[in-house]
Amino acid sequence: GAGVSQSPRYKVAKRGQDVALRCDPISGHVSLFWYQQALGQGPEFLTYFQNEAQLDKSGLPSDRFFAERPEGSVSTLKIQRTQQEDSAVYLCASNLGFETQYFGPGTRLLVL
Amino acid sequence: DQQVKQNSPSLSVQEGRISILNCDYTNSMFDYFLWYKKYPAEGPTFLISISSIKDKNEDGRFTVFLNKSAKHLSLHIVPSQPGDSAVYFCAATNSGYALNFGKGTSLLVTP
């Protein structure tokens, strides 16, 4: 079946712009995760949803980052007033609630 | 603070030989460990996992070994194939959801 999809795949933003990144999880997956991967680093946990409930947002770097999953399927990660340090690949993953997470291809964000 | 460490940024192995990728962790509460493989411009792909109640898990050419006393795990690939060339990430969790990743090891399998 279809895997996790993310859009856009690439996004260039000017510093100070707001961006919205979309994640479509695998159908039926109740859990959804966002990670940030800086160049040369491993992915770092940002936030976790179980259905529409955001159960952990401890990894969000600042209050400029906001994630939502209003109907328990598609999720959007929004970054307000982007800064150069926000440049990274943003990965979305989903699962049925067990340990193995299945990742999408990521959105590569470049803030100029 | 990096709780999962992959100290070898890169590894080169000849086709047909064994590849051994290593991973160390500092958090003794981690109870589930995973290996992911990543090709350029793609997301990480799940490879193999192991629970802390086991010390070995095997799946085809891939075997993961866990040494809890040393807080060390390793991934063995036998025999290595050119298509195995990728970046390999070790990950661990104690929460059941937030994965802690290492920085990755770039494996190159040469013909």
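A: **The largest pocket and its surroundings**

With four residues, β11(A) gives the most to the lining of the largest pocket; strands here are DSSP runs (E, at least two residues), numbered from the N terminus. The model is predicted, so local features need pLDDT of at least 70 and side-chain atom pairs count only at pLDDT 80 or more, while totals for chains, interfaces and linings use all residues. Residues are numbered from 1 along each chain as written, chains are lettered from A in the order written, and side-chain values use heavy atoms, without hydrogens and water.

The volume of this pocket is about 510 Å³, taken as the space filled by probe spheres set on grid points joined across faces, edges and corners. A pocket is an open set of points on a 1 Å grid over the protein atoms alone, where a 1.4 Å probe fits, with protein on both sides within 12 Å along at least five of seven lines; lining residues have an atom within 4 Å of a point.

Its lining consists of 33 residues, and those nearest the centre are Q37(A), L39(A), V89(A), R108(A) and K38(B). Two or more lining residues come from each of β2 (10-13), β9 (88-95) and β11 (107-111) of chain A, and from each of β9 (86-93) and β11 (105-110) of chain B. By class, 17 lining residues are nonpolar, ten polar and six charged; Ala, Val, Leu, Ile, Met, Phe, Trp, Tyr, Cys and Pro count as nonpolar, Asp, Glu, Lys and Arg as charged, and the others, Gly among them, as polar.

The second largest pocket has a volume of about 370 Å³. Its lining has 21 residues, with P43(A), E44(A), F45(A), L99(B) and N100(B) closest to the centre. β5 of chain A and β10 (100-101) of chain B each give two or more residues to this lining, and β5(A) gives the most, with three. Its classes are eight nonpolar, ten polar and three charged residues.

As for the interface, 19 residues of chain A contact 17 of chain B (heavy atoms within 4.5 Å). About 1,600 Å² is buried between the two chains, 59% of it from carbon and sulfur atoms; this is the accessible area (1.4 Å probe) lost on being put together, summed over both parts. β4 (31-37) and β5 (44-50) of chain A each supply at least two residues to the side touching chain B, and β4(A) gives the most, with three. That side has nine nonpolar, seven polar and three charged residues.
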